Amino acid sequence: MASSQLHCSYTNSSDGPQVVRLTNSDIGLEKIIEPGMSVDFRSERDSILEVHDFQYLTSTLAARIECGCLALT
């Protein structure tokens with residue numbers, strides 16, 4: 001693991017499924033997260049986690065979060 005990588009976590013606090021996708025990264029991550037569930041991952045500080053609300057085969061971008069804000073301490 002590179003020293004610039006962070007251990008990060010995201011929890012779906014919405015009432016529906018979300019698709020999360022890591023961008024600006026060499027690490028491929030795309031997952032469907034059910035309400036109340038979490039995903040842990042390693043990423044560079046400047047990577048972006050895109051969060052899409054997912055419903056009936058369509059998705060809407062709900063948030064773009066810098067992975068530095070999701071780092072576990």
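Trainee: What does the accessible surface of the protein come to, and how much of it belongs to carbon and sulfur atoms? Please then go on to the hairpin of strand 2 and strand 3.

Mentor: This is a predicted model, in which local features need pLDDT of at least 70 and side-chain atom pairs count only at pLDDT 80 or more, while totals for chains, interfaces and linings use all residues. Residues are numbered from 1 along each chain as its sequence is written, and side-chain values use heavy atoms, with hydrogens and water left out. The accessible surface of the protein comes to about 4700 Å², and 49% of that belongs to carbon and sulfur atoms, the areas being taken by the Shrake-Rupley method with a 1.4 Å probe. Buried residues, meaning those under 20% relative accessible area (1.4 Å probe, protein chains only), make up 37% of the 73 residues.

The protein has zero helices and six strands, where helices (H or I, at least four residues) and strands (E, at least two) are DSSP runs numbered from the N terminus. Within this pattern, strand 2 (residues 18-23) pairs with strand 3 (residues 30-33) in the antiparallel sense over four bridges; pairing requires that DSSP finds at least two bridges between two strands. Val19 stands opposite Ile32 in strand 3. Six residues lie between the strands of this hairpin, in which Asn24 takes a positive phi near 60°.

Note on methods:
Buried < 20%, exposed > 50% of the residue type's maximum accessible area, 1.4 Å probe, protein only.
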